[in-house]
Amino acid sequence: MSSSLRARLTTIVARLLLAAVVAEAFSFVGFLVATRHLFTYARLDRQRERQIKAAAAVRPGAAHATTQTVPHPYVGFTYDPNFDPAGMREFHSVPVSDWGFLDDKAPLQAKSEEQVVVGIFGGSVAFWFSVQGVDALFEELARVPEFQGKRLVPVRIALGAFKQPQQLLALSYLLGLGGHFDVVINIDGFNESTLALVSNRPSGVFPFYPNNWPGLLGSVGDPAMVRLVGEVSFLEGRRGGLAAAFSKPPLRYSVSANLLWKVLDLRAERQIDLARLALEKYKPDPAATWTYAARGPGRPYADPEALYADLAKVWQHTSLEMHRLCVGNGIRYFHFLQPNQYLEGSKPMSAGERKVALWPGSSWETGVRSVYPRLRAAGRELEAEGVAFQDLTQVFTEIGKPLYIDSCCHLNPEGNKLLGHRIGESIRKALERSPTAGAGVAADPAKVHTPATQG
């Protein structure tokens with residue numbers, strides 16, 4: 001190579017390097033102007049890593065879940081153990097098991113002479129009871145002669161928004177898979193009285209389908225909504241792919257390339273925000289968009305009273321079926337109607353507790369005051385039919401201290417402890433009176449009060 005050619009090439013390379021340095025310098029300043037942040041490799045690497053992880057959560061077969069609850073083929077829904085965007089994988093130190101229930105153990109426990117397996121069924125009140133009231137419960141159960149010297153094992157099958165027949169189906173499902181229970185405790189009544197009024201009936205959904213069933217079904221429930229959800233997922237995935245491309249060398253080391261990525265990323269963020277806004281504003285028309293799979297069978301009611309009566313009858317019938325399942329499997333079944341603040345005279349309240357616990361005119365109030373009296377009457381019929389049932393609606397009638405923590409139904413730790421002692425005492429006394437209490441002869445089918453046939 002001649003010296004003149006070598007000189008020209010050296011000059012070209014030097015100019016390119018100078019141009020690159022100048023471009024990097026201008027990009028450094030441009031980054032500050034465009035983002036109002038100083039350029040740092042570490043911050044941008046962290047940002048790209050977050051975008052890549054977010055995109056991984058929406059890929060088909062991804063290990064990360066994007067929703068807290070997922071449809072279940074037999075019990076309606078469970079929690080997704082992979083959902084953990086904000087520490088939701090644990091509730092009060094109770095993890096989500098691989099089975100989707102809130103427990104630190106599998107729901108299938110083997111029969112053993114060394115332990116007593118206690119299944120706790122119901123909704124969120126029953127779940128929090130199983131966490132905050134279980135010690136008080138077990139203090140009482142440990143005094144039962146046949147339980148002494150044995151390990152008491154709580155198995156939590158209660159989930160927020162569960163309502164009958166989900167408890168019945170969960171029990172049948174687990175027994176069908178070979179699960180074992182020595183005692184089954186069912187604490188319910190509030191969800192059965194209110195959730196159909198809050199979500200199912202206003203949306204035209206069968207009252208005995210799980211809460212928010214159309215939303216759980218996704219594309220089967222509302223194709224228009226799924227298109228909007230799909231657009232958000234697509235844009236999030238594309239944004240993650242962009243971050244992954246600019247994370248590779250030499251692009252990740254270039255200020256100019258990082259500035260280009262940041263501009264493209266901000267544009268992608270705006271597109272995602274617009275798509276999410278469209279999703280938030282979307283108001284489905286059940287009659288036009290929900291399929292039969294989401295809506296279920298039609299069950300017209302002549303008036304609200306007919307619906308209230310049906311809710312109570314299904315609650316009664318499903319409890320009787322749980323009793324029969326337990327009888328057939330040698331399990332002691334105990335059913336408790338949970339207390340609730342909206343039942344007039346059930347608890348003295350200070351002005352402070354009333355402000356926290358009561359929502360006048362709400363569907364909670366309507367459901368409890370309209371359906372609970374029917375549940376109490378149905379509970380007496382359950383007792384007459386051989387079910388170990390107890391009405392706990394009056395358990396707090398002499399307790400003035402605050403126990404309710406929201407305008408729905410939930411209790412503070414002291415309230416759950418009181419409930420634990422009362423339920424445990426009831427079970428203990430029943431078993432001391434009769435070792436077969438809760439597992440007696442199945443009720444006569446002729447005495448069963450089945451729900452009214454509608455539609």
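Rings of Phe, Tyr and Trp (for Trp, its six-membered ring) pair if their centres lie within 6.5 Å; planes under 30 degrees apart count as stacked, over 60 as edge-to-face and the rest as tilted. Keep that in mind for the ring views below.

This is a predicted model, where local features need pLDDT of at least 70 and side-chain atom pairs count only at pLDDT 80 or more, while totals for chains, interfaces and linings use all residues. Residues are numbered from 1 along each chain as its sequence is written, and side-chain values use heavy atoms, with hydrogens and water left out.

**View 1. Ring pairs link Phe-206, Phe-208, Tyr-209 and Trp-213 into a cluster.** The structure holds ten aromatic pairs. Now let's look at one pair by itself.

**View 2. Phe-190 and Trp-364 make a tilted pair.** Their ring centres sit 5.4 Å apart with the planes at 45 degrees, so "tilted" is the word for this pair. Phe-190 belongs to helix 6 (residues 190-200) and Trp-364 to helix 14 (residues 363-384), so the pair ties together parts that are 174 residues apart in sequence. Helices here (H or I, at least four residues) and strands (E, at least two) are DSSP runs, numbered from the N terminus. Are these two residues buried or exposed? Phe-190 is buried, with a relative accessible area of 1%, and Trp-364 counts as buried too, at 17%. Buried means under 20% relative accessible area, exposed over 50%, and partly exposed in between (1.4 Å probe, protein chains only).

**View 3. Helix 14 has a kink at Val-371.** The bend is about 35 degrees and comes shortly before the proline Pro-373; the bend at a residue is the angle between axes fitted to the seven residues ending there and the seven starting there. With its 22 residues, helix 14 reaches 31 Å from its first C-alpha to its last, close to the 32 Å expected at 1.5 Å a residue (the expected span is 1.5 Å times one less than the number of residues). Its buried residues include Trp-364, Val-368, Val-371, Tyr-372 and Leu-375. An α-helix has 3.6 residues a turn, so residues three or four places apart point the same way. What do the buried residues of helix 14 pack against? They pack against helix 6, helix 12, strand 8 and strand 9. Just after helix 14, Gly-386 takes a positive phi of about 100 degrees.

**View 4. Five strands line up as an open, parallel sheet in the order 6-5-7-8-9.** Strand 6 (151-156) and strand 9 (388-391) stand at the edges with a single partner strand each, so one side of each is left without a neighbour in the sheet. Two strands pair if DSSP finds at least two bridges between them. Strand 7 (residues 183-188) and strand 8 (residues 332-337) pair over six bridges, and Ile-187 has Phe-336 in strand 8 as its bridge partner. Helix 3 (residues 124-132) packs on the sheet, touching strand 5 (115-122), strand 6 and strand 7.

**View 5. Thr-78 sits in strand 2 (residues 76-79).** Thr-78 is buried, with a relative accessible area of 5%. Leaving aside neighbours within four places in sequence, Thr-78 is in contact with residues including Gln-68, His-72, Trp-99 and Leu-159. Contact means heavy atoms within 4.5 Å.

Definitions and conventions. Axes fitted to C-alpha atoms, helices over the stretch in contact; angles between N-to-C directions.
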